Amino acid sequence: MSDKCNFETRAVRGASGGDRITGAISFPIYQSATFKHAGLNESTGYDYSRLQNPTVEELEKTVALLEKGEEALAFATGLAAITCCIHLFKGGDHVIISEDLYGGTFRLFHDIYNDLGIEATFVDTRNLEEVEKAVKKNTKGILIETPSNPSLRITDIRAIGKIAKTNNLIFIVDNTFLTPYYQRPLELGADVVVHSGTKYLGGHNDVLAGLIVVKDKTHVERLKYIQMSTGATLGAFEAWLVLRGIKTLHIRLDRSQDNAIAVANWLDKQEEITEVHYVGIVGSEGYEINKSQSSGFGTTLSFRVKDIGLVAKILKSVKVVSFAESLGGVDLLITYPFTQTHAEMPDDLRKKLGVDEYLLRLSVGIENIDDILGDLKQAIKG
Ligand SMILES: *Cc1c(COP(=O)(O)O)cnc(C)c1O
């Protein structure tokens, strides 16, 4: 597949444009755990699917192409991909992390790897001074989300890249929210990109997956070694579902982003809503930085209600919108971070971030915009 093709073409065709042997347009699902050998020291290149599988490899090559990275590795979930990255560090190392981020990532560092001696400091990565101040002698990495989950904060990727370079830190960006269609952190100074493929890449709320993409060869061998040793690899069928999802990534994102902009602007005008967090609102905080480093805003937004009683009312009365955890699919979902995605975050941090009883998150889908706005209107005002 020519690297010269544009994003949309690469997304549709994937790395190899189908099966070279049979001509199948849809890349085959190689549903085999193991592969036979013709003789001693002979291999087709495939031995055992925890190490490599043709369908999974097609996904990895496709995502590497889209993110403009050297190589990609596929995992069973987004958290498995992030876990693999953490194993680049050792006990005694310190990492800096965006304080506003996916609750599961917070939990992984705060509750699991902290006990194994990998110390994490959670900072507001919008504030570069705060980031620089957090660097210690044993700091080895920095992980950011931009836009962040659930407050949609924007961090300057290029600026963090410079800090990372100066201090010799591995710079990891969770690019789940914008995907390579809108943002390619490896071109802006990141060393490693991670994804929850469960979200936009899969795009249909029917598969769990995770990905790591690396800028160059530096960490590839180590990450592969960790991956095959720890074993949270992706299955062939799941890889195929994500490949199929990626074919329509650009169409889905553009349509649901149009809807998200309309929803955010409508919510912003309602007296029942006190605040809307969405980087697609012109003039919002982080708007210019986001514009300088990406070509889109994404389709996830959050908002605060004036009256706490509205939360239960909205969640009970939505009909087009589904009350469910997750984001990035064709379906419009509403999430209550306080009891769902961010339930395990300590109260003081949640309070500081505004992830409290008043905050709701929307992942806008590709439904008809009039139906979406009509549903929100009846749920909020009905
Ligand atoms: C969902 C999510 C994850 C975790 O991915 P899973 O596939 O659920 O393990 C990580 N980062 C972000 C930004 C997410 O939204």
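This report describes the ligand site of a predicted model, together with selected helix, loop and backbone features.

## Basis of the model

The structure is predicted: local features need pLDDT of at least 70, side-chain atom pairs count only at pLDDT 80 or more, and totals for chains, interfaces and linings use all residues. Residues are numbered from 1 along each chain as its sequence is written, and side-chain values use heavy atoms, with hydrogens and water left out.

## The ligand and its shell

The ligand is surrounded by 14 residues, where a residue is near a molecule if one of its heavy atoms lies within 4 Å of it. Gly 78, Asp 174, Ser 196, Thr 198 and Lys 199 are the closest. By class, the shell holds 5 nonpolar, 6 polar and 3 charged residues; here Ala, Val, Leu, Ile, Met, Phe, Trp, Tyr, Cys and Pro count as nonpolar, Asp, Glu, Lys and Arg as charged, and the others, Gly among them, as polar.

A polar side-chain atom of Lys 199 lies 2.7 Å from a ligand oxygen. A ligand oxygen is 2.9 Å from an N or O atom in the side chain of Ser 196, and one is 2.9 Å from a polar backbone atom of Gly 78. Taken alone, the ligand exposes 370 Å², of which the protein buries 93%; these areas come from the Shrake-Rupley method with a 1.4 Å probe.

## Lysine 199

Lys 199 is found in the loop between strand 6 (192–196) and strand 7 (210–214); helices (H or I, at least four residues) and strands (E, at least two) are DSSP runs, numbered from the N terminus. An unreviewed UniProt entry lists Lys 199 for "modified residue: N6-(pyridoxal phosphate)lysine"; such annotations may be inferred rather than shown by experiment.

Lys 199 counts as buried because its relative accessibility is 11%; buried means under 20% relative accessible area, exposed over 50%, and partly exposed in between (1.4 Å probe, protein chains only). Leaving aside neighbours within four places in sequence, Lys 199 is in contact (heavy atoms within 4.5 Å) with Tyr 102, Thr 176, Ser 326, Leu 327 and Gly 328.

## Helix 3

Helix 3 (residues 78–86) gives the most to the shell around the ligand, with 3 residues. This helix is mostly covered, as 7 of its 9 residues are buried. Among the buried residues are Gly 78, Ala 80 and Ile 82. The buried residues of helix 3 pack against strand 1 (71–75), helix 4 (103–113), strand 5 (170–174), strand 6, strand 7 and helix 8 (220–230). At the start of helix 3, a side-chain oxygen of Thr 77 reaches to within 3.4 Å of the backbone nitrogen of Leu 79.

## Asparagine 175

Asn 175 occupies the loop between strand 5 and helix 7 (179–182). With a relative accessibility of 0%, Asn 175 counts as buried. A polar atom of its side chain lies 2.8 Å from the backbone oxygen of Gln 183.

## Backbone features

Most residues other than glycine have a negative phi, and most peptide bonds are trans. A cis peptide bond joins Thr 146 and Pro 147, with omega about -5°, and another joins Asn 149 and Pro 150, with omega about 10°. Pro 147 lies in the loop between strand 4 (139–145) and helix 6 (157–166).

Lys 68, although not a glycine, has a positive phi of about 60°; Lys 68 is partly exposed, at 37% relative accessibility. Asn 168 has a positive phi near 60° and is exposed, with a relative accessible area of 67%.

Terms used: Polar contact = N/O pair within 3.5 Å; in protein donor to acceptor, adjacent residues only side chain to side chain.
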